[in-house]
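Hi everyone, thanks for coming. Let's take a look at this one together, and I'll go step by step.

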Amino acid sequence: MALYAIGDLHLSLGSNKPMDVFGEGWDGYVGKIAAGFAALTPDDVCVLCGDLSWASSLDKSVRDFRFISELPGKKLIMKGNHDHWWSTAAKISAFFETHGFSDMSILHNNCFLYGDKAICGSRGWTIEDKLDASHNDKIIRREAQRLNISLEAAGDAPEKLCFLHYPPIFNRSRCDEIIDVMRAHNVKRCWYGHVHGAGHRYAVQGVVDGIDYHMISADYIGFTPRKICD
Ligand SMILES: [Fe+2]
Ligand SMILES: [Fe+2]
């Protein structure tokens, strides 16, 4: 049994949205994802860090989730900025149940225990400053709050692992509201996705102020889930 994570599967099996906008690395990516998951077993757990499906509604996402469900392992599903199919946790859970996707759970305002570790996370928010500042501040506050709820749900778990969709640090920018929540809960390791193609070169990884950051966007890690621990 092992814990894995990968972000940004960007599936569009029901709509055929071209992925070349993200660069040549996405050629044949669905097959690469299937091959990348081949090392996992049904007992393994994989955190999917957002941008799962281009579908605009749950109904339109069935083929994408069937593909995900047929990959080995249990999946913890997080929200990314492109997950327009996202609904309430109750509706998503009912959708999974209706279609027999019994290997999937939503990581949103909650946490999951994995041995002595807690799997926590939230979408986070972009740190590009092109948006209206007051709008930005409101979303960042809400995302920081969600992350806090998730980390508080972990109680006194010896280690709290943090998964985000957006990078909390990118290039020379930082999202201090999110970082402060992680530090308040003594998070030491954080995984994030969202960054693609030419953006990879601006990723910040390694230890910054006591937190070890890892980028796990699918195209960055060869569409192969990154093993975190046994
Ligand atoms: Fe994204
Ligand atoms: Fe993405």
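How many of the 230 residues of the protein count as buried? The figure is 40%. Buried here means that 20 or more other C-beta atoms lie within 10 Å of a residue's own, while exposed means 12 or fewer and partly exposed is in between, with C-beta atoms placed from the backbone.

A word on where this comes from. This is a predicted model, where local features need pLDDT of at least 70, side-chain atom pairs count only at pLDDT 80 or more, and totals for chains, interfaces and linings use all residues. Residues are numbered from 1 along each chain as its sequence is written, and chains are lettered from A and ligands numbered from 1 in the order in which they are written.

Now the overall picture. The protein has five helices and 13 strands; these are DSSP runs numbered from the N terminus, helices (H or I) of at least four residues and strands (E) of at least two. Its radius of gyration is 16 Å, close to the 17 Å from the globule rule for 230 residues, so the protein is as compact as a globular protein of that length. That radius is taken over C-alpha atoms, and the rule is 2.2 Å times the number of residues to the power 0.38.

Next, the sheet. Six strands form an open sheet in the order E5-E6-E7-E10-E12-E11, with mixed pairing; two strands pair if DSSP finds at least two bridges between them. Why is one side of E5 and of E11 left without a neighbour in the sheet? Strands E5 (112–114) and E11 (206–208) stand at the edges, so each has a single partner strand. E5 runs antiparallel to E6 (residues 117–122), joined by three bridges. In one of them, Phe 112 has Ile 119 in E6 as its bridge partner.

Let's stay with Ile 119. Leaving out residues up to four places away in sequence, Ile 119 touches several others, including Val 47, Leu 76 and Phe 163; touching means C-beta atoms, placed from the backbone, within 7 Å. In the largest nonpolar core, which has 55 residues, Ile 119 is among those that touch the most other members, as are Val 47 and Phe 163. Such a core is a set of buried Ala, Val, Leu, Ile, Met, Phe, Trp, Tyr and Cys residues joined through C-beta atoms within 7 Å.

Finally, Phe 95 sits in helix H3 (residues 89–98). Phe 95 counts as partly exposed because it has 18 C-beta neighbours inside 10 Å.

Technical notes
Two residues are in contact if their C-beta atoms, placed from the backbone, lie within 7 Å.
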